[in-house]
Amino acid sequence: MNKKILFITPQFYGYWSLIKKGIERENCNVDVILYPSSWLYKVFSMVGIFEALKEEYVNLYFARKLKRLGDAYDIVFIIKPSSIPEDYMNAIKVRYGKAKFVAYYWDDVKFDLKSKEIASLFDKVLSYSLEDCKQYGYIYRPMFYNDMIDYQIKDKPIDLYYVGSYKKSRFQFLVKLKEKIDKKDINCRFILRCGWFLRLSIPKHFMYWSLFRNKNVPYEEMMKTLCLSKCSIEIPHPGQNGLTTRPIESLATHTKIITTNERIVTDPIYKPSNCWVIDIDNPSIDIEWLRIPFQELDGDNMHFYSLKQFVIDILK
């Protein structure tokens with residue numbers, strides 16, 4: 001395609017480097033701005049009395065970054081543009097007025113009201129939420145699986161796999177589920193990322209000490225474990241409408257998905273033999289369903305969730 005792309009994204013959006021590689025694979029040149037990402041910004045964010053310093057830091061950050069950018073771009077692609085200060089969003093629009101502006105919303109509008117207000121600034125808005133796309137006219141674009149790696153899928157000795165950050169509701173769900181399946185000869189691997197202070201603060205945590213891990217599970221390790229798992233568990237935030245990355249990554253590794261998100265049944269990804277909607281308050285699993293082999297999606301649907309198609313939807 002030979003286009004020049006300006007890609008602006010939060011650094012904590014962990015998939016930005018994959019998207020950059022996917023864009024470069026399409027013979028495009030990419031300049032990236034990771035907005036604010038330093039330890040100083042994190043300190044200002046954690047301490048409320050530093051709010052004014054945080055705002056000034058962000059202004060200086062963007063002023064410095066803008067000086068280093070090219071003179072022209074074909075496309076300006078911004079993930080979560082609601083996080084960019086209004087003055088700098090306007091400055092980027094003025095400076096690159098001939099470019100096509102594309103936004104990607106990874107959050108529901110109801111959780112990020114500013115995203116609705118600024119949608120008119122963009123020539124195209126992609127959203128992970130099918131419901132928001134129907135309501136606001138955005139283009140449905142869920143997340144992707146990485147199609148640039150060769151997934152080694154052989155035996156799957158793990159029956160149920162979960163990895164995620166600690167929330168009380170998630171911990172309670174996993175405990176209830178574990179208590180129900182412990183006597184059913186099911187091999188589970190549950191991992192909750194949890195700091196030491198929180199881990200030690202609740203007595204019941206000691207009974208399930210093996211669930212906890214202090215650091216994030218690296219992406220490569222998680223994908224390797226998915227390849228070894230018959231089924232993965234997804235516990236999205238309450239009220240979240242769109243798909244998380246977990247069901248999509250599970251496609252690539254031929255791993256079934258158990259989720260508390262009822263909306264999955266309306267998504268093209270849904271196959272009854274692959275997806276099980278579970279009650280977060282009273283979890284139960286049909287063991288026979290767990291034993292049914294994974295059924296792969298047809299070629300077109302499978303391609304829709306690939307990194308390549310994600311990038312094409314940005315560039316086309």
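Here are some friendly notes on helix packing, salt bridges and a few loop residues in this predicted model.

1. Ground rules. Residues are numbered from 1 along each chain as its sequence is written, and because the model is predicted, local features need pLDDT of at least 70, side-chain atom pairs count only at pLDDT 80 or more, and totals for chains, interfaces and linings use all residues. Side-chain values use heavy atoms, with hydrogens and water left out. Helices (H or I, at least four residues) and strands (E, at least two) are DSSP runs, numbered from the N terminus.

2. Helix α14. The buried residues are L307, Q309, F310, V311, D313, I314 and L315. They pack against β1 (4–10), α1, β3 (75–79), β4 (100–105), β5 (124–127) and α13 (299–304), where contact means heavy atoms within 4.5 Å.

3. α1 against α14. These two helices pack at an angle of about 75 degrees, and their axes are 9 Å apart. Axes here are lines fitted to C-alpha atoms, for helices over the stretch in contact, and angles run from 0 to 180 degrees between N-to-C directions. The angle makes α1 roughly perpendicular to α14 (under 35 degrees counts as roughly parallel, over 145 as roughly antiparallel, 65 to 115 as roughly perpendicular and the rest as oblique). On the α1 side the contact uses L18, I19, G22, I23 and R25, and on the α14 side L307, K308, F310, V311 and I314. By class that gives 7 nonpolar, 1 polar and 2 charged residues; Ala, Val, Leu, Ile, Met, Phe, Trp, Tyr, Cys and Pro count as nonpolar, Asp, Glu, Lys and Arg as charged, and the others, Gly among them, as polar.

4. E26 and K308. The model has 11 salt bridges, each a side-chain nitrogen of Lys or Arg within 4 Å of a carboxyl oxygen of Asp or Glu. One of them joins E26 to K308, with the closest N and O atoms 2.8 Å apart. E26 sits in the loop between α1 (16–25) and β2 (29–35) while K308 belongs to α14 (residues 307–315), so the pair ties together parts that are 282 residues apart in sequence. E26 is buried at 11% relative accessible area, whereas K308 is partly exposed at 29%.

5. D159 and R291. Another salt bridge brings the side chains of D159 and R291 together, at 3.2 Å from N to O. It links distant parts of the chain, since D159 is in strand β7 (residues 158–165) and R291 in helix α12 (residues 287–291), 132 residues apart. D159 is buried, with 5% relative accessibility, and R291 is partly exposed, with 39%.

6. D313, one of the buried residues of α14, has 6% relative accessibility. Its side chain meets that of K316 in a salt bridge of 3.2 Å, N to O. K316 is exposed, at 65%. R141 joins D313 and K316 in a network of salt bridges.

7. α10 against α11. Helix α10 (residues 219–227) and helix α11 (residues 245–252) pack at about 60 degrees, their axes 9 Å apart, and they are therefore oblique to each other. The crossing of α10 past α11 is right-handed; a crossing is left-handed if the near helix is turned anticlockwise from the far one by less than a right angle, and right-handed if clockwise. Y219, M222, M223 and L226 of α10 meet R246, E249 and S250 of α11. Sorted by class, this contact has 4 nonpolar, 1 polar and 2 charged residues.

8. Loop residues to look at. Which backbone angle is positive in N27, although N27 is not a glycine? The angle is phi, at about 60 degrees. N27 is in the loop between α1 and β2 and is exposed, with a relative accessible area of 56%. K80 also carries a positive phi, near 50 degrees, in a residue other than glycine. K80 lies in the loop between β3 and α4 (86–95) and counts as buried at 16% relative accessibility.

9. P238. This proline is in the loop between β10 (229–234) and α11 and is exposed at 67% relative accessibility. P238 and I278 are 40 residues apart in sequence and 14 Å apart in space, C-alpha to C-alpha.

Definitions and conventions: Buried means under 20% relative accessible area, exposed over 50%, partly exposed in between (1.4 Å probe, protein chains only).
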